[in-house]
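Thank you all for coming; I would like to walk you through a structure that may be new to you, taking one part of the chain at a time.

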Amino acid sequence: MDNIQIAFLKPHEVGEAVDFACMVFDEDDRPYAQKEFTQAFDDASPIKAVLIARADDKIVSLVCCMEDWMGFNLYALTWVSTHPDYAGQGLASKLIKRITHYIETEELKGEAGTLLLHTLTAQTLYDKLGFKQLGHSHNDNGVFYSKPLN
């Protein structure tokens, strides 16, 4: 994992990030990924940052940070994903830790003192990172997790 570079998404990387998200999730998600990743560069947008990990000059992991998710006064991490060839190497964990630190240190927190995640598969990861289970989603098999920000 020495050749992994972590950085914030740049405007010219949006198309690649959208392609990556659709590969990991579903092609039907393309319009949502395009909209949200593009909004990361608009100060008025609820999307505050997209953090990516690169290996061999390609995106291999990604996380998006959104403020005021669904009208709630909190931050939500969305699009948490890792390429299957890089799964189990701790990339999602590193991205979540880095973006949490970014929220806490860049004074983005404001009144939103909670970080929220929704997952279908990564319960063990979020447990290890100190998130607490809130409950199951009403429309899928996902689980909501939260963690207070410092």
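Let me begin with a term: a residue is called buried when its relative accessible area is under 20%, exposed when it is over 50%, and partly exposed in between, using a 1.4 Å probe and protein chains only. Helices (H or I, at least four residues) and strands (E, at least two) are DSSP runs, numbered from the N terminus. This is a predicted model, in which local features need pLDDT of at least 70 and side-chain atom pairs count only at pLDDT 80 or more, while totals for chains, interfaces and linings use all residues. Residues are numbered from 1 along each chain as its sequence is written, and side-chain values use heavy atoms, with hydrogens and water left out.

In helix α3, the buried residues are Leu91, Ala92, Ser93, Leu95, Ile96, Ile99, Thr100 and Ile103. An α-helix has 3.6 residues a turn, so residues three or four places apart point the same way.

Next comes the loop between β2 (47-55) and β3 (58-67), where aspartate 56 is found and where aspartate 57 also has its place. Aspartate 56 has a positive phi near 50°, and that of aspartate 57 is positive too, at about 65°. Most residues other than glycine have a negative phi. Aspartate 56 is exposed at 58% relative accessible area, and aspartate 57 is exposed at 66%.

Finally, how many of the five residues of strand β6 (residues 132-136) are buried? The number is zero, so β6 lies largely in the open. Four bridges join β6 to the antiparallel strand β7 (residues 143-148), where strands pair if DSSP finds at least two bridges between them, and histidine 136 stands opposite valine 143 in β7.
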